[in-house]
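Trainee: I would like to learn how to read a model of this kind. Please take me through it feature by feature.

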Amino acid sequence: MTDPIADYLTRLRNAIKAQHRVVEVPASNLKKEITRILFEQGYILNYKFIDGDTPQGTIKIALKYDPTDRVSAIKGIERASRPGLRQYCGYKSMPRVLNGLGIAILSTSKGVMTNKKAAQEKVGGEVLCYVY
């Protein structure tokens, strides 16, 4: 597999389209940080790291839906930076997702964070994905 982050996002996207409650994803430190950010921002209900078959383990993610009409909290999730075409941004040129309603997840020198937190700390980095 050449792009594990794209695989992670695709598994989330497919589980949301099929309206699954829980999705399991192979773990890595970067995926754990992205999952933590999605939980803190309110896009997923809960998550759990499970040590198991693989050396890194797996991540169990409970997806969040509206109880009345079963609409997911994640309307769209897409990969920004790809292995063949990396996208970087400075703190002055942070991307705005859905005119400020969504978030961009960045990998910076101070760790993985959202575009708003990166702009506050005045650090730039690689734009991993957009979530709205």
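Mentor: The protein chain has three helices and eight strands; helices (H or I, at least four residues) and strands (E, at least two) are DSSP runs, numbered from the N terminus. This is a predicted model, in which local features need pLDDT of at least 70, side-chain atom pairs count only at pLDDT 80 or more, and totals for chains, interfaces and linings use all residues. Residues are numbered from 1 along each chain as its sequence is written, and side-chain values use heavy atoms, with hydrogens and water left out.

Trainee: In what pattern do the elements follow along the sequence?

Mentor: The order is α-β-α-β-β-β-β-β-β-α-β.

Trainee: How does the radius of gyration relate to that of a compact globule?

Mentor: The radius is taken over C-alpha atoms, and the globule rule is 2.2 Å times the number of residues to the power 0.38. For 132 residues a compact globule would have a radius near 14 Å; the protein chain has 15 Å, which agrees. Its C-alpha trace spans about 40 × 40 × 25 Å along the principal axes.

Trainee: What share of the residues is buried?

Mentor: Buried means under 20% relative accessible area, exposed over 50%, and partly exposed in between (1.4 Å probe, protein chains only). Buried residues make up 40% of the 132 in the protein chain.

Trainee: Which side chain does Glu126 join in a polar contact?

Mentor: A polar contact is a pair of N or O atoms within 3.5 Å; within protein, one must be able to donate a hydrogen and the other to accept it, and residues adjacent in sequence count only if both atoms are side-chain atoms. The side chain of Glu126 has such a contact, of 2.7 Å, with that of Ser81. Leaving out residues up to four places away in sequence, Glu126 also touches residues including Arg86, Tyr88 and Leu106.

Trainee: Which residues does Ile16 contact?

Mentor: Ile16 sits in helix α1 (residues 4-17) and is buried, because its relative accessible area is 14%. Beyond neighbours within four places in sequence, Ile16 contacts Leu63, Tyr65, Ser72 and Ile74.

Key: Contact means heavy atoms within 4.5 Å.
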